[in-house]
Protein chains: 2
Amino acid sequence: MTIHHQPDNAAPNKDLIDAVRAFNRFYTRQIGLLDEGLLKSAFSLTEARVLYELAHRDGLTATDLGRDLGLDAGYVSRLLKKFERLHLISRATLASDARQSTIALTPAGRNAFAPLNKDSHDQVAALLDRLPTSEQDRLVNSMRTVQRLLDDGAEPKIPYLLRPPQVGDIGWITRRQGMLYAQDYGWDETYEALVAEILANFVKSYDPKWERGWIAEREGEVVGSVFVVRKSDQVAKLRLLYVEPSARGLGIGKRLVEECIGFARARGYKTLTLWTNDILTAARHIYQAAGFRLTEEEPHHSFGKDLVGQNWDLDL
Amino acid sequence: MTIHHQPDNAAPNKDLIDAVRAFNRFYTRQIGLLDEGLLKSAFSLTEARVLYELAHRDGLTATDLGRDLGLDAGYVSRLLKKFERLHLISRATLASDARQSTIALTPAGRNAFAPLNKDSHDQVAALLDRLPTSEQDRLVNSMRTVQRLLDDGAEPKIPYLLRPPQVGDIGWITRRQGMLYAQDYGWDETYEALVAEILANFVKSYDPKWERGWIAEREGEVVGSVFVVRKSDQVAKLRLLYVEPSARGLGIGKRLVEECIGFARARGYKTLTLWTNDILTAARHIYQAAGFRLTEEEPHHSFGKDLVGQNWDLDL
DNA sequence: CCGATTTACTTGACGCAGTCAACTATTAGA
DNA sequence: TCTAATAGTTGACTGCGTCAAGTAAATCGG
């Protein structure tokens, strides 16, 4: 994540800290349980971890191993020496640096690792097997979330991808927009209801030739969306653009608007129009940058607030 | 969780297993990092874990500690002897069993534990502090989910609670109902849209005297809901009853229907009616048990399927 | 290009976390 | 009442992992 150090972090709440500590204690025990299973093998847990890394990554040096697994350099050295004595690994001194060598499992090493790997696999399979599949998905999603949030270095390879809407999306978008604008601007539940209504109508009267929606997904989670609906032969309307706060700064908003413009052009619309509110400055900048022009402004009272609505048009 | 061993679990997917294993490797490292911080103190990680348990729970015996922390009995014995030598703990032989004794921290023990506890607290606080508050919440929620799913023994103290709808709920309910019926019965996205429309209208024309919604929450997550809307002076309509698969068997569906009936009676309605489909047998059983009678049945084609709609009435 | 510093890895020495098995004292069960 | 199980203790031991000193190679600063 690059989106850290935002201004909204006061001293973390004590309940949250206690919850994290409780989880750490819990997972310490959990890992201890899983390790007991491996205890039967000829290798220690740490040895197994080293073998795992060697089996799954190429070109590792001793220092890499020590750093990534959090091990003492001397200890790594000894482990590798033991593996070498057992002919489980081979080392090749780097051409570029005679101090370092890359370590690779030999076929014998792979053979030694295979049963370890299988045991670990089976153990996790047994763990998952206790849960119904829907809960398995939730478990793994939650794990991924934890990992991504804690692991600063884990930038996703694909920053985001766009896909068409599918079942579950319109509810999710309704919820997120409702919550975001409630949180940021104090809008009441009628805004969420408006989003629900717009999306319900989009689905009900969906005309694939003239209308379209895009969902931005990051790490399997919906982080943004936008819709284009037909107002007339000549005019298309862009609706419900939003990007999750956690995914801002990646250019997703700009990209979504570009998709809309491209689609509207390709379908032969003459104008792309949209309605927004003046307080949504981030969105306005995107619209301006894309070439939209403000055509109309009028105050209105909606969502429990006094607002200024704006219409923006883009000639295609 | 008691809801395990449901018929829907085939052999777990390999991707899921790999994701769990990746998480285990990641968290092994994470815990290792956190432990390094404690390394400065006079106590080992395991000693610190024992002190933590002693500080937070009363009446523990040596066996309790060994079991809960996954430690060897001999090792626990030695640890306790060391603590006793340092006057950190006191033991009191149980009146009921002269073999056992309960272990308690002495004031000196609490003093020794305090800095450890503070270090751990501060370390976690620093970890959380890197994240904006919204992400902190997500992290903790995900951790709680992981813990609850993996920890069989962790039945929530409060099985569920009911509360009024709030911002974000209608989107969530839309999503979950859409996804559930898509998964279980193959209904298409128009069902999700229908839910969105119903809920949008509920909010827009909400009349608190005559209408109401209930959200069932379990461990902070929405696991069910129901709504009562006014059809006429005499007739109220129950809508959108659903309970998450993971929360079935707790009587939530029955309870939600009872709330509706109680509300409708209190408001002086003469009839509570509802529309459902014959394939939704679980719901039908709840309606029947609550005294509803089937008044009408007719086939219809909706949500991409041939269905049989049913009207049920309850005289209040 | 040279000396100083850093980096990659090795090695000896060692402590103590954690295991295993044998043993005592007490309780529970048949 | 005798046997089996449980709670806890202790001796003996293994080996995981740490620490510090050392070597060889690479890099840096002038």
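A:Ile17 sits in helix H1 (residues 14–38) of chain A, where helices are DSSP runs of H or I with at least four residues, strands are runs of E with at least two, and both are numbered from the N terminus. You're looking at a predicted model, so local features need pLDDT of at least 70 and side-chain atom pairs count only at pLDDT 80 or more, while totals for chains, interfaces and linings use all residues. Residues are numbered from 1 along each chain as its sequence is written, chains are lettered from A and ligands numbered from 1 in the order in which they are written, and side-chain values use heavy atoms, with hydrogens and water left out.

**Overall build of chain A**

- Chain A has ten helices and nine strands.
- Its radius of gyration is 27 Å, well over the 20 Å that the globule rule gives for 316 residues, so chain A is more spread out than a compact globule; the radius is taken over C-alpha atoms, and the rule is 2.2 Å times the number of residues to the power 0.38.
- Along the principal axes, the C-alpha atoms of chain A fill a box of roughly 80 × 45 × 40 Å.

- Of the 316 residues of chain A, 47% count as buried (under 20% relative accessible area, with exposed over 50% and partly exposed in between, using a 1.4 Å probe and protein chains only).
- Among contacts (heavy atoms within 4.5 Å) in chain A between residues at least 6 apart in sequence, 59% join residues at least 24 apart.

- A:Ile17 counts as buried because its relative accessibility is 2%.
- From C-alpha to C-alpha, A:Ile17 and A:Trp312 are 46 Å apart in space and 295 residues apart in sequence.
- A:Asn277 belongs to strand E7 (residues 271–277) of chain A, and with 2% relative accessibility A:Asn277 counts as buried.
- Leaving out residues up to four places away in sequence, A:Asn277 touches A:Trp187, A:His300, A:Leu307, A:Val308, A:Gly309 and A:Gln310.

**How the two copies relate**
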